[in-house]
Amino acid sequence: MRPETETAEAEQPQPATETAQAEGRTVRIPPKPTRAPRKRTPKLDELLAAAVDQARAALHGLAGQDEIGDHVGVVADDDRLVTHRFAATLAGYGGWEWFVTVARAPRSKVVTVCETGLLPGADAILAPDWLPWSERVSQEEKIRLDAIAAGEDPEAAVARARGAAEEDDQDRDQGQDQDESETEGGAAAEPQA
C-alpha cells in the first residue's frame with residue numbers, strides 16, 4: 001500500500017460496531033441504519049371527514065343545540081385522526097369554536113369520538129394577561145392591609161397617608177413657587193446692574 005492510501009483510510013470515520021460472544025466466537029454486529037423522521041402531512045381520512053353529524057351529536061352533551069353553530073371546517077391531525085370545528089353561538093363567547101376530535105382503527109368503518117371542547121378562534125375575545133396580586137393592588141389597599149396586620153384602624157392609616165401626601169404636594173408647590181420668584185428677582189436685578 002502506498003502511504004497516501006493509508007492516511008486517507010485512517011481519516012475516514014469507521015462505523016461503530018458492537019461485538020458479542022457466541023459459542024466462544026466473537027461476532028461483529030453491524031450498526032442499525034437510522035432514518036430521518038417522517039415529515040409528510042397527514043392525509044385527510046374521507047370517512048372521518050364525512051362524520052360531521054356524528055361530531056355534532058357528540059357536542060350535544062356539552063351544549064344545547066342552539067349553542068352549536070355551523071360547521072367551520074375539518075383538519076387532519078394524524079392518519080385516521082381528524083378534528084371538526086363548529087362555530088360557538090354562546091353568549092359571551094364570540095369568535096370561539098367547538099371542536100370534536102374523531103378517529104378510527106385501520107381498516108375499520110367505525111368512527112370513535114376522542115375529545116370534545118371549546119377553543120378560542122382567530123377572532124375570539126380573550127382575557128388580558130394575568131398580573132400578580134402585588135402588581136394589581138393599589139397603594140391605598142397596601143396601606144390598609146399593613147394597618148390591619150399591625151392591629152391599627154385601616155381608615156386612620158389611609159387618612160394619615162393622604163395627609164402626608166398632601167403635605168408633600170404643598171411643600172413641593174411652595175418650593176417651586178420660591179424657585180420661580182428667585183429666578184424672576186434675579187432676572188430683574190441683572191439689567192439694573
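# Notebook: salt bridges and strands

**Entry 1. Helix 5 to helix 6.** I began with a charged pair: Glu140 and Arg162 form a salt bridge, with their closest N and O atoms 3.0 Å apart. Glu140 sits in helix 5 (residues 139-150) and Arg162 in helix 6 (residues 154-192), so this pair ties together parts that are 22 residues apart in sequence. I note here that the model is a predicted one.

Next I looked up how open the two ends are. Glu140 has 29% relative accessibility and counts as partly exposed. Arg162 has 48% and is also partly exposed. Exposed would need over 50%, so Arg162 at 48% stays in the partly exposed class.

**Entry 2. Inside helix 5.** I then turned to Arg144, which forms a salt bridge with Glu141. Their closest N and O atoms are 4.0 Å apart. Both residues lie in helix 5. They are three residues apart, about one turn of the helix. Arg144 is partly exposed at 21% relative accessible area. Glu141 is partly exposed too, at 31%.

Entry 3. I moved on to Arg85 and Glu97. They form a salt bridge, and the closest N and O atoms are 2.5 Å apart. Arg85 belongs to strand 4 (residues 81-88) and Glu97 to strand 5 (residues 96-103). The pair links distant parts of the chain, 12 residues apart.

Is Glu97 buried or exposed? At 15% relative accessibility, Glu97 counts as buried, because the limit for buried is under 20%. Arg85, at 22%, counts as partly exposed.

I also wrote down the total. The count of salt bridges comes to seven.

**Entry 4. Strands 3 and 4.** I followed strand 4 to its neighbour. Strand 3 (residues 68-78) pairs with strand 4 in the antiparallel sense, over seven bridges. I picked out one partner: Ile68 is bridged to Ala88 in strand 4. The hairpin of these strands has two residues between them. There, Arg80 takes a positive phi near 60°.

A reminder to myself on strands: in a regular strand the side chains alternate between the two faces of the sheet.

**Entry 5. A loop residue.** I looked up Lys109 next. Its place is the loop between strand 5 and strand 6 (112-120). Lys109 is exposed, with a relative accessible area of 68%.

**Entry 6. The whole chain.** Last, I stepped back. How many helices and strands does the chain have? I counted six helices and six strands. Read along the sequence, they follow the pattern α-β-β-α-α-β-β-β-β-α-α-α.

Buried residues make up 18% of the 193 residues in the chain. The accessible surface of the chain comes to about 15,200 Å². Carbon and sulfur atoms hold 51% of that surface.

Methods. Residues numbered from 1 in each chain as written. Predicted model: local features only at pLDDT ≥ 70, side-chain atom pairs only at ≥ 80, totals over all residues. Heavy atoms only, no water. Salt bridge = Lys/Arg side-chain N within 4 Å of Asp/Glu carboxyl O. Helix = DSSP H or I, 4+ residues; strand = E, 2+ residues; numbered from the N terminus. Buried < 20%, exposed > 50% of the residue type's maximum accessible area, 1.4 Å probe, protein only. Pairing = 2+ DSSP bridges. Areas by Shrake-Rupley, 256 points an atom, 1.4 Å probe, with all protein chains shown as cover.
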